[in-house]
Amino acid sequence: MARVRREDFIPDRVWIEEESGYVAIDRSEEPHRWEGVVYANRVVVTQFDDGDTMWPAVGRRPTCSASMPSAVVGMLDALDVRQGQRVLEIGAGTGGTTAALLPLLPAESTDYVYSDISSAFLAAAEERFARFPFVSYRVIDIERSPQMQGLSAGSFDIVLAANVYVLPPPANEVKPVVVPSS
Ligand SMILES: C[S@@+](CC[C@H](N)C(=O)[O-])C[C@H]1O[C@@H](n2cnc3c(N)ncnc32)[C@H](O)[C@@H]1O
């Protein structure tokens, strides 16, 4: 995780939660503070209210964040991705989890689908992760049927969703796209 360049995927304008509430930080105005929070073991909020609230205003609900690095390490350890597996990432957002995971995967035998409900994240991710040719990018709304969005049954070995709050009820919908033994 220490090798991951977090400035490559964390936006220049973020919010952090302090005792007084959320505080906005702009990289160009406070570069040292920005770098400090981006490399700290804490959550950094990158979007409020699905983008309806514009920076620096604090919205009602944080809808995208870069997860706490220690939580990502624990999750990747438990994930145990092996040679040749097909991975679907749901709600990949700005790619905080992806950035830690991709360098660990064997390029010649991995298929990795990077998805999010918001197409705005995909174009940026495609550029950011261009050096990983085994990644493809697509819009998937996990609150809708995966099959209706072109995902066939048993097409993934692992489905990963880090910090995607909508998951509990639709998780059952995801099951058919994962091979039964996974
Ligand atoms: C808190 S962010 C997490 C980003 C990333 N997984 C991480 O850990 O850094 C939640 C992401 O879920 C996405 N999302 C919200 N609703 C979704 C849905 N119904 N289907 C797929 N993605 C969704 C948002 O667009 C956002 O990018």
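What percentage of the 182 residues of the protein chain count as buried? The share is 27%, where a residue is buried if 20 or more other C-beta atoms, placed from the backbone, lie within 10 Å of its own. The model is a predicted one, in which local features need pLDDT of at least 70 and side-chain atom pairs count only at pLDDT 80 or more, while totals for chains, interfaces and linings use all residues. Residues are numbered from 1 along each chain as its sequence is written.

The secondary structure of the protein chain amounts to 5 helices and 8 strands; these are DSSP runs numbered from the N terminus, with helices (H or I) of at least four residues and strands (E) of at least two. Read from the N terminus, the order of elements is β-β-α-β-β-α-β-α-β-α-β-β-α.

Strand β6 (residues 111-116) takes part in two pairings, a pairing requiring that DSSP find at least two bridges between the strands. With β5 (residues 86-89), β6 runs parallel, and 4 bridges join the two; here E89 stands opposite Y114 of β6. With β7 (residues 135-139), β6 is again paired in the parallel sense, over 5 bridges, and D116 has V139 in β7 as its bridge partner.

β5, helix α3 (residues 96-101) and β6 form a right-handed β-α-β unit, right-handed meaning that, with the strands pointing away from the viewer, the path from the first strand over the helix to the second runs clockwise. β6, helix α4 (residues 119-128) and β7 likewise form a right-handed β-α-β unit.

Across the protein chain, among contacts (C-beta atoms, placed from the backbone, within 7 Å) between residues at least 6 apart in sequence, 62% join residues at least 24 apart.

Terms used: Buried ≥ 20, exposed ≤ 12 C-beta atoms within 10 Å, placed from the backbone. Contact = placed C-beta atoms within 7 Å.
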